[in-house]
Amino acid sequence: MRKRIIILTLLFCFVWGGGVCAQEMGLQEAIETARSQSVQAKQARHTFISAYWAYRSYKASLLPSLSVYGNLMNFNRSKTLLQSYEDGSLHYVGTNNLQNSLGIQLSQNITLTGGRISLYSDLARVDQFGANKNLTWYSQPITISYSQPIFSYNSFKWSKQIEPKSYEASKRKYLESMENVTVSAVSAYYAFLHTRLNYDISKENYANTRQMLAVARERMALGSVSREECLHLELRMLNDSISVNENLVRLRESQMVLNSLLGLDETTEIIPVLEDNLPSIILDYDFVMDKVMANASFNLENEISELNAQSEVDQAKANRGITMSLNARFGLSQTGKKFGEAYTNPLDQEVVGITFSIPVFDWGMGKGKVQKAKAAEEVVKAQVRQKEIDHRSTIFTAVGEFNNQRQQCSVSKRAMEIAQERYSIVMEKFRNGTATVTELNTARQENDSSRQQFITDIRNFWTSYYTLRKYTLYDFIKDENLEVDEKEMIEN
């Protein structure tokens, strides 16, 4: 008992001592704090920001790119192996030169065809040292080149279909992650409220049991209460004192969990407020399912999975057959001993050619890859259909539970009021000698459980509500879709 008193005293000082900042906080304030300060919210925010810049990079790849390239101070003094054109003999020739080049290039990917067109201009200078000292300039004032794969896999076409959907899915996943934070805040808040209620109940029960024990001792002296009943009450009082200590420890643990989620330090003491004014909302399954299909990431992720599977099939087919590529280059070029001569009367240059590869016999490897990709596509389609069935079942259950929960809260609230009134009546009857210890204990247990059940039902109501908000990304109270403010998130 002495150790218990010391522990209780230390906890009391820790909770209520100097430096502790107490603040009253309702559920909505706790939710907003969690959504702005919790680690989970910050992780969700930065995950979205990463997806945002990835999508920006993709969009940038669709625009023309301008680059400067070159080769500066490339000095080469070595022996180079050459073959004589006259007799085919090999011999080493000394090389001693300095090469510099500089160019600028404008390129554009062609999404429709998968080709790439470039416009560039460059200039090169070669300084030859040694016995045959020489200087040469080579210029390409303007050149247009185009590379076009034929019968090949067009990654640009598939990226154009998949990337916008992936970015939209990332926005919806962010909103769903924030709703998960909200659900976690509801859970932690009501868990703390529940432990605080248990602590308050244990203190009330201890005080009431002491009073009833005093009454029982007086009645025992009069012969209306047995010694066994007095001992039962005394044992109950001792157990209540232990319960006070244990519930205080649990209360502090629950406080730490809530503070951690809300991003608050251990010196902040939250005083929860039980709010029982619930919104009058009855949800229709078809309306909820429409919002799920229109707003949630679920449908988009299924579409992306199917598109990726189709892309794999297309790539396998392209790699199995003939591969061809058309390469063309048209422009002007000139050389000269002086810089000005390299740009005087430039000459035309045209280079056009087709490269190709035709598999003659590959032992069925190409066909096997195509069939494998098709089989994987069918698996994805089957998985998508199964996910849709399961998801519809989940939504149906969630809607039914939510619609029942508000009525459950009304019933449990009335039950709590009845149990509290009955407990007061029984205590008064016990003081008057018209109720037994058993009746008193029964009334107390019913009062305790009804108060706990009411908080549990309120918690289940808000958990169900915010879970449906996560599924639908729709605020049923404000009657509006949840949205992402991209500009504010990126700037912050």
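Where is the place of K171? K171 sits in helix α4, residues 155-222. Before going further, the ground rules: this is a predicted model, local features need pLDDT of at least 70, side-chain atom pairs count only at pLDDT 80 or more, and totals for chains, interfaces and linings use all residues. Residues are numbered from 1 along each chain as its sequence is written, and side-chain values use heavy atoms, with hydrogens and water left out. Helices (H or I, at least four residues) and strands (E, at least two) are DSSP runs, numbered from the N terminus.

Back to K171. Is K171 buried or exposed? K171 counts as buried because its relative accessibility is 17%; buried means under 20% relative accessible area, exposed over 50%, and partly exposed in between, with a 1.4 Å probe and protein chains only. Its side chain makes a polar contact of 3.3 Å with the side chain of E486. A polar contact is a pair of N or O atoms within 3.5 Å; within protein, one must be able to donate a hydrogen and the other to accept it, and residues adjacent in sequence count only if both atoms are side-chain atoms. Setting aside neighbours within four places in sequence, K171 is in contact (heavy atoms within 4.5 Å) with F48, V484 and E486.

R451 counts as buried because its relative accessibility is 12%. The side chains of R451 and E204 are joined by a polar contact of 2.9 Å. Outside the four places on either side in sequence, R451 is in contact with L197, I201, E204, M416 and Q420.

By contrast, K372 in helix α8 is exposed because its relative accessible area is 65%. K372 and E312 lie 60 residues apart in sequence, and their C-alpha atoms are 9.6 Å apart in space.

Now the interior. A nonpolar core here is a set of buried Ala, Val, Leu, Ile, Met, Phe, Trp, Tyr and Cys residues joined through side-chain atoms within 4.5 Å. The largest one has 62 residues, and those with the most contacts inside it are Y174, Y190, L283, V288, W462, L468 and F476. Two or more residues each come from α2 (27-37), α3 (39-61), α4, α5 (227-262), α6 (285-295), α8 (365-432) and α9 (437-472). Helix α4 gives the largest share, 16 residues. Not counting residues up to four places away in sequence, V288 touches L283, I395, V399, L468, T472 and F476. Another core, of 16 residues, lies apart from that one and includes V215, C230, M237 and M427.

On the surface, L66, V68, L102, I104, L106, I117, L119, I142 and I144 form a nonpolar patch with about 790 Å² of accessible area together. Strands β2 (65-83), β3 (90-109), β4 (116-128) and β5 (134-150) each supply at least two of its residues. The largest share, three residues, is from β3.

Last, backbone angles. M73, in strand β2, has a positive phi of about 55° although it is not a glycine. L473, in the loop between α9 and β9 (474-475), also is not a glycine and has a positive phi of about 50°. M73 counts as exposed because its relative accessibility is 60%, whereas L473 is buried, with a relative accessible area of 2%.

Definitions and conventions: Patches are made of residues with over 30% relative accessible area and no salt bridge: like charges are joined within 9 Å, nonpolar side chains (Val, Leu, Ile, Met, Phe, Trp, Tyr) within 5 Å. Accessible areas come from the Shrake-Rupley method with a 1.4 Å probe; for residues, only the protein chains shown count as cover. A salt bridge is a side-chain nitrogen of Lys or Arg within 4 Å of a carboxyl oxygen of Asp or Glu.
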